[in-house]
Amino acid sequence: METGEKAEKTKSQSGSAEKIRTSLFHRLLDKRMLLNPKEEMKFLLHRLIFIARISPELADKRDLGGYYEQLYQDLQRYYQGDGVTGLLLLYPSYILHIVESSNDVLFSVLRDLGHMQRQGHSALILEPRILVISHDIPNRLFQQWSYKVLSVPARRLAAAEQTESHEKLVSESLTMLMKLGVEMLKTPKRSKNSADSVLDKEPELIVPQDNIEQLLKNEALLTPLQYLDTYDCPINVVMDSDRVWPPYEHFLPIP
């Protein structure tokens, strides 16, 4: 009888030990589950926002929307369960693109952008720059991925606006995008015209095209190739002092 009780106790302890997740990944995943109990959690959620210039050779901007639509379908087939949400805004001359998904999907998008950079003027978009990458975000701002062609008239920035720091322009643009996402969350789920309805009602949430033009001139914003070069660079860099024997501290005078 005691043997059976011991076995049951051991089994119970091992079962509870299996449920205890000690890794940082599982702790962050559990935190997201508490905030979003209805969403199936398979990966940590990240958000990428980038801007670029549209190629003047692109006749129909909807072709760019179709390109990304196909890209995300392919990525979701390859990374099964990694849903993609976000919004692609197609201005007369520029794009602003928000993507929410797993780390694997976002880096696939960045590598695709890097490939476009290498293509030069023959690519669909030119001079892409990363506005921000947010890691381990608690929830999505968008219920699905969609694109919207904007007919925003170009306007000249006033002299005071032209002297604004790039940091302020980035902050203002991100604030507007966060507010836009909050408004889009209020629309019915799977509504095909959610972007149209929100942008028509709240046109002040559209980042001005001239802001994007100014931000593309900011060399402090990394291009996809610059970001990927840093990401792919090994972190175990050998210092010159490591090549010396005996170690450097042996040359110091003994106190």
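The predicted protein has a mean pLDDT of 80, and 69% of its residues reach 70 or more, where pLDDT is the predictor's confidence in each residue, from 0 to 100. Because the model is predicted, local features need pLDDT of at least 70 and side-chain atom pairs count only at pLDDT 80 or more, while totals for chains, interfaces and linings use all residues. Residues are numbered from 1 along each chain as its sequence is written, and side-chain values use heavy atoms, with hydrogens and water left out.

**Confidence**
- Where pLDDT is low, the predicted coordinates should not be read in detail.

**Overall make-up**
- The protein comprises 9 helices and 5 strands, which are DSSP runs numbered from the N terminus (helices H or I, at least four residues; strands E, at least two).
- Of the 255 residues, 39% are buried, that is, under 20% relative accessible area with a 1.4 Å probe, protein chains only.
- Among contacts between residues at least 6 apart in sequence, 80% join residues at least 24 apart.

**Helix α4**
- Helix α4 (residues 103–119) has 17 residues and reaches 25 Å from its first C-alpha to its last, close to the 24 Å expected at 1.5 Å times one less than its number of residues.
- Its buried residues, including Leu106, Phe107 and Met116, pack against β1 (46–54), α3 (62–78), β3 (94–101), β4 (125–134) and α9 (224–232).
- After α4 comes Gly120, with a positive phi near 75°.

Technical notes: Buried < 20%, exposed > 50% of the residue type's maximum accessible area, 1.4 Å probe, protein only. Contact = heavy atoms within 4.5 Å.
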